[in-house]
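Me: Can we go through this one together? I'd like to start with the ligands and then look at the helices.

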Amino acid sequence: MTAAPGVPVDAAMIQHWLDKRKPGQNKYTTQRREADEVRILSGVFEGVTTGTPVQLMIENTDQRSKDYGDIKDKFRPGHADITYFQKYGVRDYRGGGRSSARETASRVAAGGLAREAIKAIAPQVQITGYMVQMGPHKIDRDAFDWNQIEQNPFWVPDAKAASDWAEYLDGLRKSGSSVGAIIEVVARGVPAGLGAPVYGKLDTDLAAAMMSINAVKGVEIGEGMSAAMLTGELNADEIFAPPASEDIVEIFFKGARLDSTGTYIIRPQNENDKERWFKVKDLFHFTEAEGGMALQVTRKALNKRMIANGGLPIVKRAEPRYSSNHAGGILGGISTGQDIVVRFAVKPTSSILTTRKTITKTGEETEIITKGRHDPCVGIRAVPVGEAMMACVLLDHMLLHRGQVGENRGTIGPDA
Ligand SMILES: Cc1cc2nc3c(=O)[nH]c(=O)nc-3n(C[C@H](O)[C@H](O)[C@H](O)COP(=O)(O)O)c2cc1C
Ligand SMILES: C=C(O[C@@H]1CC(C(=O)O)=C[C@@H](OP(=O)(O)O)[C@H]1O)C(=O)O
């Protein structure tokens, strides 16, 4: 993939996300053991992207083709064996091969890099995925807790669901069956204005990206399919002016810079006054601005010391408020500034230990059971994959937006 030049990145940052997806971490996923260790082959020099293509490598170390020996002339119902044969005329039975979700490791690696690049442009953006349904079992939205997501093997924001699902999936797994799931991915802090009319819609690209993940059979944005049941009044996300205390103050520090230790060196307008130079360590999210660095705070959080240290304040109106988010953060293909909410459904794993009817390559009817090491619910490991696709699409749209309109955008307020 190609990222903008100057994005700080190293293998450990990418590895963090790969570790969320890698197989064999608990009894609820495939028992294939892969370290999924990433190596950066090109495009990064002295800890930053150079702007040339970044090539990453993850090796397969635990493939076991012999597991597929029994089904080498048969097609697994629900997997891609039959369509690959119909298209290419070659039955490569060694695991899923090109159709295997082993490939999703590379998506997560790319997503790790995309996250770092997004951080450099819009540090407030947070992308989080979680499961909202496994088979017939839904989470309790009233019990939603962001802090729970990392605390259980299913990435579920509801502690009770996590323990109920553990028992449910264990039973299914032991019986040699599998089950489908729904994953929700939310991007918070995305600025309004990403996406373009007709051919470059943000929702079109997000839907395509999510649909391209193995086993995905449905994608929804915001209210999604349920919008069909609403009236216009119920679906309207009503718009309100934000309170003045929420106004954003952008403070520009002329000549400020980030030093090699990750410390922001801020200096007052008077360059000779060395006494008053001060250093700020990672407390605030500064962004690079022409001739210095800028910091955005709410009017409420504005502190006099920032101005005393040479910051030049420009007040911007806060974003409009909405009564609800049926739109899922996208209207007319363009982000509204609200949370971007995408859901996708994955089908149950097709490689199961229960007998199913199928045919052979030569057309005889037969039966099949699929042994080997398979995920009883692919939804679990699809969570980091969905997050990665969200990151890649958002980064693409941030760069497209910047290419077309620069940093300008329509600001709602008295001067509009
Ligand atoms: C993270 C993840 C893990 C998966 N693990 C398995 C698996 O262990 N066994 C299997 O048969 N399918 C698995 N799948 C699904 C197959 O890759 C997928 O069904 C297959 O490529 C056919 O493509 P389609 O379902 O998109 O039409 C997994 C999918 C994902 C996203
Ligand atoms: C290896 C991974 O998942 C694989 C996805 C997969 C499939 O059909 O999609 C089938 C299994 O592959 P194999 O039988 O070759 O071990 C899973 O283990 C991975 O995600 O890294």
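**Ligand sites and a helix pair**

Reply: In this predicted model, a side-chain N or O atom of Arg-381 sits 2.9 Å from an oxygen atom of ligand 2. Of the 460 Å² of accessible area that ligand 2 has on its own, the protein covers 92%.

Me: Which polar side-chain atom lies 2.4 Å from an oxygen atom of ligand 2?

Reply: That atom belongs to Tyr-68. There is also a backbone contact: a polar backbone atom of Ala-101 is 2.7 Å from an oxygen atom of ligand 2.

Me: Which residues are around ligand 2?

Reply: Arg-21, Pro-23, Thr-30, Arg-32, Tyr-68, His-79, Ser-100, Ala-101, Arg-102, Arg-373, His-374 and Arg-381.

Me: And how does that shell split by class?

Reply: Around ligand 2 there are 5 charged, 4 polar and 3 nonpolar residues.

Me: OK, ligand 1. How many residues surround it, and which are the closest?

Reply: Ligand 1 has 17 residues around it, and the closest are Ser-99, Ala-215, Lys-347, Ser-351 and Asp-375. By class, the shell of ligand 1 holds 7 polar, 6 nonpolar and 4 charged residues.

Me: What does the backbone of Ser-99 do there?

Reply: A polar backbone atom of Ser-99 is 2.5 Å from an oxygen atom of ligand 1. From the side chains, Asn-214 has an N or O atom 3.3 Å from an oxygen atom of ligand 1, and His-79 has a polar atom 3.5 Å from one.

Me: Switching to helices. Where are H3 and H8, and at what angle do they cross?

Reply: H3 spans residues 104-121 and H8 spans residues 379-405. Their axes come within 7 Å and cross at roughly 45 degrees.

Me: Why call H3 and H8 oblique?

Reply: Because angles under 35 degrees count as roughly parallel and 65 to 115 as roughly perpendicular, a crossing at roughly 45 degrees makes H3 and H8 oblique to each other.

Me: Left-handed or right-handed?

Reply: H3 passes H8 in a left-handed crossing.

Definitions and conventions
Residues numbered from 1 in each chain as written. Chains lettered and ligands numbered in written order. Predicted model: local features only at pLDDT ≥ 70, side-chain atom pairs only at ≥ 80, totals over all residues. Heavy atoms only, no water. Near = heavy atom within 4 Å. Polar contact = N/O pair within 3.5 Å; in protein donor to acceptor, adjacent residues only side chain to side chain. Areas by Shrake-Rupley, 256 points an atom, 1.4 Å probe, with all protein chains shown as cover. Nonpolar A, V, L, I, M, F, W, Y, C, P; charged D, E, K, R; others polar. Axes fitted to C-alpha atoms, helices over the stretch in contact; angles between N-to-C directions. Helix = DSSP H or I, 4+ residues; strand = E, 2+ residues; numbered from the N terminus. Parallel < 35°, antiparallel > 145°, perpendicular 65-115°, else oblique. Left-handed = near helix turned anticlockwise from the far one by under 90°.
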